[in-house]
Amino acid sequence: MILSPSLLFAALAVAPGAWFVSAIPMQYTIAQRATECLYEKLDANEKVTMSVFITGGSELKGTAIFEGPIAPPAAETGKDIQDGLTKYQMGERYGTGPKGRMGNIMEENVVNFEEAEDWDDDDDDDWDDDDDVDDDDVADDDEDMADMTPQQKLQRKRRIEAYKKRREEARKKRMARRQKSRPTEGEPHQKTYVAKNAGWYRACMRASWYQITAEMELRKASDLGDIDQRSGHVISYERRTMLDEEKEMDKFVAEEGGVKEEDLQLTREQLKKLNRILNEIKEKQQDERHRLSVHAATNEHSHSRMVLSSLLETVLFMLVTGFQVFTIRKWFSGAPMLGR
């Protein structure tokens, strides 16, 4: 269930407990320095993906914020969530440990769709081989080798080779994860979090010094399924719908005296293939619309900067020309302005 602050109490007034998720990303017009948020209740250790795309504005730049828990999991109504949020903003926390300070998430990332950047950044140095091999011992593989027996040397060599192999595999996985998480032109910025504590979380978008229009989406694994191996994030609503449709196709059975099961199976496979192709076309169309909106906004910004630059150059030229005319007139009028 995804709610913005303006819909929080409206949803409660219309139908308490009847909140639902929409498969279409919500679009907000955010005033300068203002913030809009989506709220979601998560279980402990549940994965959730925040997705944002800025479609318009004088500057396609903003700050993506994910934080929580901002209200306890017992909060059920809009008023309960608002009360919990008020306490959270006053310093109260709903995590574990002393005063609920452990297991909370508070992260801010600046996203700029006019410049290429990598939001979901991994640290290459943050690697744990999770074994009993001493890294320093492996690094100094030539030290004290003379004191070892042939059997010990062989064991040491095998341990070093296994260590290097695990390290290389971890590096490849890390690079593959980076490649998946790095958005291409037209794709939204996405980042996946793991909620260490149960409770209400929120994903927010804060505008910069200009008004922006942004599409926001919050997808949780309990509603849609686990991580999509293609993207490294929680599966999208569109792909979830496609998979559900394929499950419905598997329920079709051949009737006695009708089409053969082999023919039905072939038809079923072709329908699945066609369904996947249509889904890919829709994804590419959406990315293309995003790309065109970014290009249009970027061209408009470039044109505005060019016009402003030309205007400033024209004003400066007129000022310099006016000063030259004034100086020459004074010179020929006999005034000792430039000397004789």
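Colleague: Which strand pairs with β4, and over how many bridges?
Modeller: This is a predicted model. Strand β4 covers residues 61-71, and its partner covers residues 199-207. The pairing is antiparallel. The partner is β7, joined over 7 bridges.

Colleague: What is the bridge partner of E67 in β7?
Modeller: E67 has its bridge partner in β7. That partner is R202.

Colleague: Which strands stand at the edges of the open sheet of 4 strands?
Modeller: The order is β2-β7-β4-β5, with antiparallel pairing. Residues 35-42 and 105-112 form strands with a single partner each, so one side of each lacks a neighbour in the sheet. The twist from one strand to the next averages 15 degrees. The edge strands are β2 and β5.

Colleague: What angle does the direction of helix α2 make with that of β4?
Modeller: Helix α2, residues 78-89, packs on the sheet. It touches β2, β4, β5 and β7. Its direction makes an angle with that of β4 of about 105 degrees.

Colleague: Why is strand β6 largely enclosed by the rest of the structure?
Modeller: Strand β6 spans residues 189-195. It runs antiparallel to β3, residues 46-57, with 7 bridges joining them. T49 stands opposite T192 in β6. Strand β6 is largely enclosed because, of its 7 residues, the buried ones number 5.

Colleague: Is E246 buried or exposed?
Modeller: E246 lies in helix α6, residues 237-250. Beyond its neighbours within four places in sequence, E246 contacts K272, N275 and R276. Its relative accessibility is 7%, and the cut-off for burial is under 20%. So E246 counts as buried.

Technical notes: Residues are numbered from 1 along each chain as its sequence is written. This is a predicted model: local features need pLDDT of at least 70, side-chain atom pairs count only at pLDDT 80 or more; totals for chains, interfaces and linings use all residues. Side-chain values use heavy atoms; hydrogens and water are left out. Two strands pair if DSSP finds at least two bridges between them. Helices (H or I, at least four residues) and strands (E, at least two) are DSSP runs, numbered from the N terminus. Axes are lines fitted to C-alpha atoms, for helices over the stretch in contact, and angles run from 0 to 180 degrees between N-to-C directions. Contact means heavy atoms within 4.5 Å. Buried means under 20% relative accessible area, exposed over 50%, partly exposed in between (1.4 Å probe, protein chains only).
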